[in-house]
Amino acid sequence: MLILGIDSSCDDTSASIVEDGTTILSNIVSNQAEIHKKYGGIVPELASRRHTEMIWPVVDEALTVAGVRLEGISAIAVCHGPGLIGSLLVGISFAKAMAYSSGIPIVAVNHLEAHIFSSFLEEPRPKFPFLALIVSGGHTSLYKVAAFGSYEELGRTRDDAVGEAYDKVAKLLGLGYPGGPIIDRLAEKGNAEAINFPRPYLHGSHDFSFSGLKTAVLLYLREHPDVPVEDVAAGFQTAVVDVLVKKTIEAAKANGLSRIVLSGGVSANRHLRHRIMGADRDIEVFLPSPFLCTDNAAMVASAGYYHFLDNHIASLKLNPEAYLPL
Ligand code: KG4
Ligand code: ZN
C-alpha cells in the first residue's frame, strides 16, 4: 500500500512515497535555510511563501522518483500540526485540493507522532513499548509509547526546546542558521572541559529546561569576549548532552522501559548519538539515520499508514493547528 506524505510544518517543504509504512520509495525535502540564514532564525511569512512555490514541484518529484502515478496512491498523509500556522496551511490546502480532485482520502498526522515513526523506516524497527525522546527546534519531550496511538508524555521542556537553544547559542556566537549542525562540527575541535556550563537536571522531574544554560553562555561571552568559539561550542554541547542522556535513561528506568527511540533534528547530533548509544547496556537505543531525524515527509507517510489502517480518515474541513499535543 502506497502513502503520499506531505510535511510543511516549519521551514522544509517535503513529500514522500512510502510503501506499507516502512519502505521509502522517495523522500524529497526542499530546504529553506538559505532564505532564513541572514535573519538567524525562521521568518514565518517567508517560510509560507516559499512553501507555496515549492509544494507542487516537491510532490511532483516525489511521485516521479518513486515511479508512481497518483492513481496508485491509497491515501495522502498530511501533517496538520503542531507548527507554523501559515506553513502548515500550505501543505494542508494542497493535500485537500489533491484529495478533492482525485477522490484519494486524506489522513491527518501529528508532527511529533511522525518524528516518532521515523524509526520505523529502517531496520531494526523498535518493538513496543519504548521511550521516545523528541529533540527538535520546537520540542523537547519524552513519551512512553505503548502502541501505535498510545502516547503518554512523561516530561517536556519548560522553556526553550533544545534545538532552539542550539540555534540561539549559534546566533550569540555569530554563526549561521540552523545553528545545531554548526555547533556540532565546531565542538569536535574544542575543549569540552575548558568551560563548565551549568547542567539543568531538574531533579525529581522528567522535565527539561535550557533557557538558563543559554543565558549562562550569553553571560560567559560578555565576560570572555576572546574565548575560542570551539570551546564554547564544546562546553555548551557537552552540558546539553549530559542532561539529555542522564534524564532519558532515568525516565526509561523509572518506567520499566528497555528501549529508547530518538527523533527530531537534534538527534542528528553526533555527540548525542555517541553518548546515548553507550549510556546503559541494558537499554537498546534506536537512532534514525540523520536524514530521517530532521523534518521529512517519509515519517509523515509512515505514521499516516497506521492511521489509514485504523480508518482515521480526515474530512476536507481539516485545519492546521499551531498547538497540537500528541
Ligand atoms: O526536527 P527538525 O528538523 O525541525 C523541527 O521540527 O523543529 O529540527 C530542527 C532543529 C534545529 O534547531 C537544528 O539546529 C537542530 O534541529 N539540529 C541539530 C543538528 N542538526 C539539526 N542540533 C544539533 N546537532 C545537529 N547535528
Ligand atoms: Zn520536526
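Visitor: Where is aspartate 20?
Guide: Aspartate 20 is in the loop between strand E2 (12–19) and strand E3 (23–31). Strands (E, at least two residues) and helices (H or I, at least four) are DSSP runs, numbered from the N terminus.

Visitor: What kind of model is it, and how are things numbered?
Guide: It's a predicted model, where local features need pLDDT of at least 70 and side-chain atom pairs count only at pLDDT 80 or more, while totals for chains, interfaces and linings use all residues. Residues count from 1 along each chain as its sequence is written, chains are lettered from A and ligands numbered from 1 in the order written, and side-chain values use heavy atoms, without hydrogens and water.

Visitor: Back to aspartate 20: what is its phi?
Guide: Phi of aspartate 20 is near 50°, a positive value in a residue that isn't glycine.

Visitor: Which peptide bond ending at proline 124 is cis?
Guide: The one from glutamate 123 to proline 124, with omega near -10°. Proline 124 lies in the loop between H4 and strand E6 (130–135).

Visitor: And what about the bond from tyrosine 177 to proline 178, cis or trans?
Guide: The bond from tyrosine 177 to proline 178 is cis, with omega near -5°. You'll find proline 178 in the loop between H5 and H6.

Visitor: New topic! How many residues surround ligand 1?
Guide: 20 residues surround ligand 1 (a heavy atom within 4 Å of it). The closest are Gly137, Asp167, Asp184, Gly265 and Asp295.

Visitor: Which polar atoms do its oxygens meet?
Guide: Taking N or O pairs within 3.5 Å, a ligand 1 oxygen is 3.3 Å from an N or O atom in the side chain of histidine 115. On the backbone, a ligand 1 oxygen is 3.4 Å from a polar atom of glycine 138, and one is 2.9 Å from a polar atom of glycine 265.

Visitor: Which elements give two or more residues to the shell around ligand 1?
Guide: Helix H4 (111–117), helix H5 (162–172) and helix H6 (179–187) do.

Technical notes. Polar contact = N/O pair within 3.5 Å; in protein donor to acceptor, adjacent residues only side chain to side chain.
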